[in-house]
Amino acid sequence: MLHLRIIAPADRSAAVADLLADDPGVAHLAVIPGVARQPAGDLILCDVVRESADRVLARLQDLDVEARGGISADDVELTLSETAKKAARDAPGHGEDAVVWDEIGAKTGEQTVLTGTYLVLITVATMIAGIGVLLDQPILIVGAMVVGPEFGPLAALCVALLRRNRRVIGRSIKALTVGFLAAMVVTVLSTWALTAAGLVDRGMLLAERPLTDFIWRPDALSWVVGLLAGVAGMLSLTSKKSGALVGVLISVTTVPAAANVAVAAGFGVWREAGGSALQLVINLCAIVVAGLLTLGVQQLWWWHVGRRVRRRTARQRVTGR
């Protein structure tokens, strides 16, 4: 469930309370008149099951509550209430499958900001993967996958494309482009420094690397893996599942490929650099396409569920039941 805190203008408070009271997915409704000061209005508290949350938030925004008051939401970790159980039974669909678009938009929008932390993380991940490529060590590749932060901008790009938010689209592309370019430049420099120190050499890149040479040899399976990664990532995001393991899956074809581009370019092995760059582009595109399709299917499904709810509500009003 989500706990909503709503500041409603006095002339909208009754309409907001009625809206919430009429929704079968809302429980624990409380109205405290006149306590809000900035902005002024009534404080309205309630809990709403996730499968009804998107519909409730949209209807609140239709009443201009967002513009003239305020709406905030928190996850409810524990609820002991028969009223809440009834709301979960009456609401259509399942909470695990529910998509709260405002929540997703806010969460992913924050991850498009090109911060110092993001640049450090993606650079460190690429450098670790670069060493893993030279040593043919999958354990270092996995370590780089865990560190890589690029899933945030990728997810934001998918959501923004679906919602046609040009500002977030631009910020996502900027974060991905600048992040990967900066990481690859630093990895090239670090490769030269390690070579000068005698810790690595060009022969390590040219030697047989059976455990990691897939990174620069894109094929049809590269596209398939990218598609599966995009589906898993979006479902993790929308269903509030833990994103840790999904982050590893997402990174398997991004950070390691970027690292291989940098290392190969540092040693002047352009054929391998080109193959790695193609691998990176293929999988970034596949992840975005799959993520966009996954979100589109979810949006269509919940639109269908919402239409069923509206029909059922209309029948109940006609029959008086």
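A crossing of two helices is left-handed if the near helix is turned anticlockwise from the far one by less than a right angle, and right-handed if clockwise. I wrote that down before opening the model, since I'll want it further on.

**Entry 1: ground rules**

The model is predicted, so I keep to pLDDT of at least 70 for local features and to pLDDT 80 or more for side-chain atom pairs, while totals for chains, interfaces and linings use all residues. Residues are numbered from 1 along each chain as its sequence is written, and side-chain values use heavy atoms, with hydrogens and water left out.

**Entry 2: the whole thing**

I looked up the overall make-up and got 14 helices and 4 strands. These are DSSP runs numbered from the N terminus (helices: H or I, at least four residues; strands: E, at least two). The C-alpha atoms fill a box of roughly 80 × 40 × 35 Å along the principal axes. Of the 321 residues, 45% count as buried; buried means under 20% relative accessible area, exposed over 50%, and partly exposed in between, using a 1.4 Å probe and protein chains only. Next I checked contacts (heavy atoms within 4.5 Å). Among those between residues at least 6 apart in sequence, 80% join residues at least 24 apart.

**Entry 3: the sheet**

In what order do the strands of the sheet lie? I read off β2-β3-β1-β4, an open sheet of 4 strands with antiparallel pairing. Strands pair if DSSP finds at least two bridges between them. The edges are β2 (26-37) and β4 (70-75), each pairing on one side only. On average, neighbouring strands are turned by 15° against each other, direction ignored.

Then I went through the pairs:

- β2 and β3 run antiparallel and are joined by 7 bridges; R37 stands opposite A40 in β3, and a hairpin through 2 residues links the two strands.
- β1 and β3 are antiparallel as well, with 7 bridges; A8 has D42 in β3 as its bridge partner.
- β1 (residues 2-8) pairs with β4 in the antiparallel sense over 6 bridges; here L2 stands opposite D75 and R5 has S72 as its partner.

In a regular strand the side chains alternate between the two faces of the sheet.

Helix α1 (residues 10-22) lies across β1, β2 and β3 (40-48), at about 10° to β3. Helix α2 (residues 50-62) lies across β1, β2, β3 and β4, at about 10° to β1. The axes are lines fitted to C-alpha atoms, for helices over the stretch in contact, and angles run from 0 to 180 degrees between N-to-C directions.

**Entry 4: the cores**

A nonpolar core is a set of buried Ala, Val, Leu, Ile, Met, Phe, Trp, Tyr and Cys residues joined through side-chain atoms within 4.5 Å. Which members of the largest one touch the most others? They are L134, F180, L205, M234 and F267, out of 54 residues. I picked F180 and, leaving aside neighbours within four places in sequence, found contacts with I122, E150, T254, V255, A258, L280 and L284. There is also a second, separate core of 17 residues, including L2, C46, V65 and V100.

**Entry 5: two crossing helices**

The axes of α9 (residues 166-196) and α13 (residues 255-266) come within 8 Å and cross at roughly 45°. That makes α9 oblique to α13, as angles under 35 degrees count as roughly parallel, over 145 as roughly antiparallel, 65 to 115 as roughly perpendicular and the rest as oblique. The crossing of α9 past α13 is right-handed. On the α9 side the contact includes F180, M184 and W192, and on the α13 side V255, A258 and G266 are among the residues.

**Entry 6: L119**

Last, I checked L119, which lies in helix α6 (residues 116-135). L119 is partly exposed, at 26% relative accessible area. Not counting residues up to four places away in sequence, L119 touches L114, V178, G179 and A182. The C-alpha atoms of L119 and A183 are 7.4 Å apart, although 64 residues separate the two along the chain.
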